[in-house]
Amino acid sequence: MELTETDPETDPETARVRGLVTDSVTGYEPVGFADHCWILHALRELDDAGREIRRTRWAEPLAGAGRTLGSWGLTPSTRVFDGIPLQGLALPDSGAPDRDSLRALVEVLARFSPDGPDTECYWAQPPLENLGEPVELRRGRLREALALWDGIGSPGFPSAFPVNWWPVDRSWFVYSDNDLSATEVFGSAELVAEVLATASLDAVRHPLVAEVMNSRAGWLD
């Protein structure tokens, strides 16, 4: 890994974003991008030994219960599946995309980044339970995302996958709230269209966190 910690005294972007992420506590949702979509973290069908058999799109168990994600009035989390039989499916993880989705996302982002997989990026992780601590903010290459995911919690690695990451030129932005089971991708209309069209991603359109954050609703129908 080549991620290096940044210094707000010498890096203006560090100072700017560190304040935004700190104020957001569980992750920062940006404004000003042309389009956005959500990548739903994987539901997995498991065998009796706990091994993965296949990945399942969220729409499948929801359809079995007569529901669609479009009728969910909040942001995507495991609460979507409350009371819905999952029939051997493991709930999706919160706070970071699963590895397969991350790999597919990085491949798309690389095609919309100035230096492809070698594009320099910022990676930010808020302190969560220790709110008095500064935000961990690092710089590294886009291609390092999978190595970072693999090394989380190991010596020399952060304790959790960054909830926000974006390229130095700010052409796109990724947000995985620690309380949610989906990752929000912001960028150009072309980038978002490609994310939505990528067969290996369970990507959907759904409202922003800011659009539903004061809602007490669950299902709207």
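Biologist: Is Glu60 buried, partly exposed or exposed, and at what relative accessibility?

Modeller: This is a predicted model, in which local features need pLDDT of at least 70, side-chain atom pairs count only at pLDDT 80 or more, and totals for chains, interfaces and linings use all residues. Residues are numbered from 1 along each chain as its sequence is written, and side-chain values use heavy atoms, with hydrogens and water left out. Buried means under 20% relative accessible area, exposed over 50%, and partly exposed in between (1.4 Å probe, protein chains only). Glu60 counts as partly exposed, at a relative accessibility of 41%.

Biologist: With which residue does Arg54 form a salt bridge?

Modeller: A salt bridge is a side-chain nitrogen of Lys or Arg within 4 Å of a carboxyl oxygen of Asp or Glu. Arg54 is partly exposed at 37% relative accessibility. Its closest N and O atoms are 3.4 Å apart in the salt bridge with Glu60.

Biologist: How far apart are the closest N and O atoms of Glu52 and Arg44?

Modeller: Glu52 is partly exposed at 38% relative accessibility, and Arg44 is partly exposed with a relative accessible area of 21%. The two form a salt bridge, and the separation of their closest N and O atoms is 2.8 Å.

Biologist: What is the N to O distance in the salt bridge of Asp118 and Arg143?

Modeller: Asp118 counts as partly exposed at 38% relative accessibility, and Arg143 likewise at 41%. Their side chains meet in a salt bridge with an N to O distance of 2.6 Å.

Biologist: How many salt bridges does the structure hold?

Modeller: Among the residues concerned, Arg55, Asp98, Asp100 and Arg103 are linked in a network of salt bridges. For the structure, the number of salt bridges is 13.
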